[in-house]
Amino acid sequence: GFHQPDIGGSQCMECAPGTAAVSGSATCTPCAAGFFTAATQATTCQRCPPGTYQDGVGQSGCSDCPSGTSSAITGATNVSVCVPCPAGSSTGGDRAQASCFPCELGSFA
C-alpha cells in the first residue's frame, strides 16, 4: 500500500484510493475496470460485488445496478450486465441487487 518513486527517497508514500501497490513498489497501480479499493494503503484491488459494476480505471467504488435490474457477476465492467427482472419478479425498488425476487402472493410486476 506504499510506494517510493524517487531514488534515495527517505519516506514511502501511501497509495490513494483506487490504486494499490505491493511491497517494494515504485508506483501505485490503478485498479482495473471491474475492480476498486476504497482505502488508502491498499495492496490489492477488490472485485466489484454482484449487483454492481465499474467501467472506469482507478476507482474507489463501484456503481449500483439500477432498480429493477440485477447481476450475479462479480467484477462486472459495464452496466449491460445489469439485466431487467423478468415478469413476476422485482428488486423491491432496491438497487445493487444480485438477483430479482418473486412477487409475493396478491401482487405482480
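**Figure 1. Overall dimensions of the predicted protein chain.** The radius of gyration of the protein chain is 19 Å, whereas a compact globule of 109 residues would have a value near 13 Å. The model shown is predicted. Along its principal axes the C-alpha trace extends over about 70 × 20 × 15 Å. The protein chain contains zero helices and 12 strands, and its elements, read from the N terminus, follow the order β-β-β-β-β-β-β-β-β-β-β-β. Of the 109 residues, 31% count as buried. Among contacts between residues at least 6 apart in sequence, 32% join residues at least 24 apart.

Figure 2. Five residues make up the largest nonpolar core, namely Tyr53, Cys65, Ala76, Val81 and Cys82. In soluble globular proteins, nonpolar side chains tend to be buried together. With neighbours within four places in sequence set aside, the contacts of Tyr53 include the core residues Ala76 and Cys82. Tyr53 is also in contact with Cys48, Cys62, Ser63, Asp64, Thr77, Asn78 and Val79.

Figure 3. Ser71 is placed in the loop between strand S9 (69-70) and strand S10 (83-84). Ser71 counts as buried because its relative accessibility is 3%, under the cut-off of 20%. Residues up to four places away in sequence not counted, Ser71 touches Pro50, Gly51, Cys65, Val81, Cys82, Gln97 and Ala98. Among these partners, Cys65, Val81 and Cys82 belong to the largest nonpolar core.

**Figure 4. The salt bridge between Asp64 and Arg95.** The structure holds one salt bridge. The side chains of Asp64 and Arg95 form this pair, with an N to O distance of 3.8 Å. Asp64 is part of strand S8 (residues 63-64) and Arg95 belongs to the loop between strand S11 (89-90) and strand S12 (101-102), so the pair ties together parts that are 31 residues apart in sequence. Asp64 is partly exposed at 32% relative accessibility, and Arg95 is likewise partly exposed, with a relative accessible area of 48%.

Figure 5. Most residues other than glycine have a negative phi. Phi of Gln41, by contrast, is positive, near 65°. Gln41 lies in the loop between strand S5 (35-36) and strand S6 (46-47) and counts as partly exposed at 35% relative accessibility. Phi of Ala96 is also positive, near 55°. Ala96 is found in the loop between S11 and S12 and is partly exposed at 25% relative accessibility. Ala96 and Pro49 are separated by 47 residues in sequence, with their C-alpha atoms 8.9 Å apart in space. Beyond residues up to four places away in sequence, Ala96 touches Pro50, Gly51, Thr52, Asp64 and Cys65.

**Figure 6. The disulfide of Cys15 and Cys28.** The structure holds five disulfides. In one of them, the sulfur atoms of Cys15 and Cys28 are 2.1 Å apart. The link is left-handed, with -90° about the S-S bond.

**Figure 7. The disulfide of Cys48 and Cys62.** Cys48 and Cys62 form a disulfide in which the sulfur atoms are 2.0 Å apart. The disulfide is left-handed because the torsion about its S-S bond is about -85°. Cys48 lies in the loop between S6 and strand S7 (52-53), and Cys62 lies in the loop between S7 and S8, 14 residues apart. Cys48 is buried, with a relative accessible area of 0%, whereas Cys62 is partly exposed at 23%.

Figure 8. The sulfur atoms of Cys85 and Cys100 are 2.0 Å apart, forming a disulfide. Its torsion about the S-S bond is about -80°, so this link is left-handed. Cys85 occupies the loop between S10 and S11 and Cys100 the loop between S11 and S12, so the pair ties together parts that are 15 residues apart in sequence. Cys85 and Cys100 are both buried. With bonded cysteines counted along the chain, the disulfides follow the pattern 1-2, 3-4, 5-6, 7-8, 9-10. Cys103 is in no disulfide, and the nearest cysteine sulfur, that of Cys85, is 9.0 Å away. Cys103 is partly exposed, with a relative accessible area of 24%.

Definitions and conventions:
Residues are numbered from 1 along each chain as its sequence is written. This is a predicted model: local features need pLDDT of at least 70, side-chain atom pairs count only at pLDDT 80 or more; totals for chains, interfaces and linings use all residues. Side-chain values use heavy atoms; hydrogens and water are left out. Helices (H or I, at least four residues) and strands (E, at least two) are DSSP runs, numbered from the N terminus. The radius of gyration is taken over C-alpha atoms; the globule rule is 2.2 Å times the number of residues to the power 0.38. Buried means under 20% relative accessible area, exposed over 50%, partly exposed in between (1.4 Å probe, protein chains only). Contact means heavy atoms within 4.5 Å. A nonpolar core is a set of buried Ala, Val, Leu, Ile, Met, Phe, Trp, Tyr and Cys residues joined through side-chain atoms within 4.5 Å. A salt bridge is a side-chain nitrogen of Lys or Arg within 4 Å of a carboxyl oxygen of Asp or Glu. A disulfide is a pair of cysteine sulfur atoms within 2.5 Å.
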